[in-house]
Amino acid sequence: MPAKTLIASEVWTGLTEADGRGMAWDLLREVFTGVTELQFESMPYTRSVGLVLQGQRHAWVGSYINEEPQAVYPRWPIDADRLGALALAKRHISRAEQLKDMRVGSLHGYKMDQYIPVRMQYQEFPRTTGVVNMLVRDRLDAYIDGVVEVEEILARATPEQAALLAVHEVAQVPLYVAFSDTDEGRALRDYFDLRMDELYRQGVIRKVYERWDWPYAPFVKVVPQGE
């Protein structure tokens, strides 16, 4: 177990704030309190992944299971990502199956095509600027991201554009803390699972979620079977 554990994450509101506040940060404090000093760092998602894979950080937050084969994953997720599709309201997209053969976009590095179980004409963008225009002008059928992030994109649209668009939840995907495939990373992963077993039975995980007014029901749906 390292004396200091370096964990990287993109900044997500209420989850991994840059000032060290957030549901995920609090949960990790509960897990590792007394055994290692935690140091949280904020950076773009793809950079956090790259640094862990290079062995320069111990873990990153918000990975889908086996998203990176060079990382190691715990049994326990920390959350469930509610995926939303931003699209023209007239498309009536309400479930993932309706995305079949559609032109679907997401943010670079998110690899949403691996977690939406239908064949799509998938592409990734370096930023969300221009997504609304592409949808309104029929150059893209749907844009996929977390529901909160998609709603933030919609909030930046003009009233005329927003009137044409709608957000629908299309899937729930478990989110994990992914650890480096090193001796220290594997030790941290194993300890994480042991402590999550205890914290779940003690009701501590629920309390952390409630403290941040974070949806707990999606998490319960993806906890390991038998827990």
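This is a predicted model: local features need pLDDT of at least 70, side-chain atom pairs count only at pLDDT 80 or more; totals for chains, interfaces and linings use all residues.
**View 1. The largest pocket and what lines it.** This pocket has a volume of about 690 Å³. It is lined by 30 residues, and Trp12, Asp81, Gly146, Val148 and Glu149 are the ones closest to its centre. Sort the lining by type and you get 16 nonpolar residues, five polar and nine charged. H4 gives the largest share, with five residues.

**View 2. Trp12 meets Tyr45.** Searching the whole structure turns up 13 aromatic pairs. In the one shown here, the ring centres of Trp12 and Tyr45 sit 6.2 Å apart with their planes at 50 degrees, so the pair counts as tilted. The two partners come from distant parts of the chain, 33 residues apart: Trp12 is in the loop between strand E1 (4–9) and helix H1 (23–32), while Tyr45 belongs to helix H2 (residues 45–53). Both Trp12 and Tyr45 are buried. Trp12 also turns up in View 1, as one of the residues closest to the pocket centre.

**View 3. A cluster of aromatic rings.** Here ring pairs join Trp76, Tyr200, Tyr209, Tyr216 and Phe219 into a cluster.

**View 4. The buried face of H2.** Tyr45, Ser48, Val49, Leu51 and Val52 are the buried residues to look for in H2. Looking down the helix axis, they fall within an arc of 165 degrees, so they line one face of H2. Among the elements covering these buried residues are E1, strand E3 (59–63) and strand E9 (165–180). Just past the end of H2, Gly55 adopts a positive phi of about 80 degrees.

**View 5. H4 and its packing partners.** Back to the helix that gives the pocket lining its largest share. In H4, the buried residues are Val147, Val150, Ile153 and Leu154. Around the axis they cover an arc of only 120 degrees, which puts them on the same side of H4. The general rule is handy here: an α-helix has 3.6 residues a turn, so residues three or four places apart point the same way. The buried residues of H4 pack against E5, helix H3 (131–136), E8, helix H5 (159–162) and E9.

**View 6. Val104 and its surroundings.** Val104 lies in strand E6 (residues 103–107). Its relative accessibility is 0%, so Val104 counts as buried. Neighbours within four places in sequence aside, Val104 touches Leu99, Met120, Gln121, Tyr122, Gln123, Leu140, Ala142 and Ile144. Ala85 is 19 residues from Val104 in sequence, and the two are 9.0 Å apart in space, C-alpha to C-alpha.

**View 7. Glu68, a buried charged residue.** Glu counts as charged, and Glu68 sits in the loop between E3 and strand E4 (71–72). Buried or exposed, with a relative accessible area of 14%? Buried means under 20%, so Glu68 is buried. Setting aside neighbours within four places in sequence, Glu68 is in contact with Val49, Leu53, Trp60, Tyr73 and Lys111.

Methods. Residues are numbered from 1 along each chain as its sequence is written. Side-chain values use heavy atoms; hydrogens and water are left out. On a 1 Å grid over the protein atoms alone, a cavity is a set of points where a 1.4 Å probe fits but cannot get out, and a pocket is an open set with protein on both sides within 12 Å along at least five of seven lines; lining residues have an atom within 4 Å of a point. Grid points are joined across faces, edges and corners, and a volume is the space filled by probe spheres set on the points. Helices (H or I, at least four residues) and strands (E, at least two) are DSSP runs, numbered from the N terminus. Rings of Phe, Tyr and Trp (its six-membered ring) pair if their centres lie within 6.5 Å; planes under 30 degrees apart count as stacked, over 60 as edge-to-face and the rest as tilted. Buried means under 20% relative accessible area, exposed over 50%, partly exposed in between (1.4 Å probe, protein chains only). The arc is that of the directions from the helix axis to the C-beta atoms. Contact means heavy atoms within 4.5 Å.
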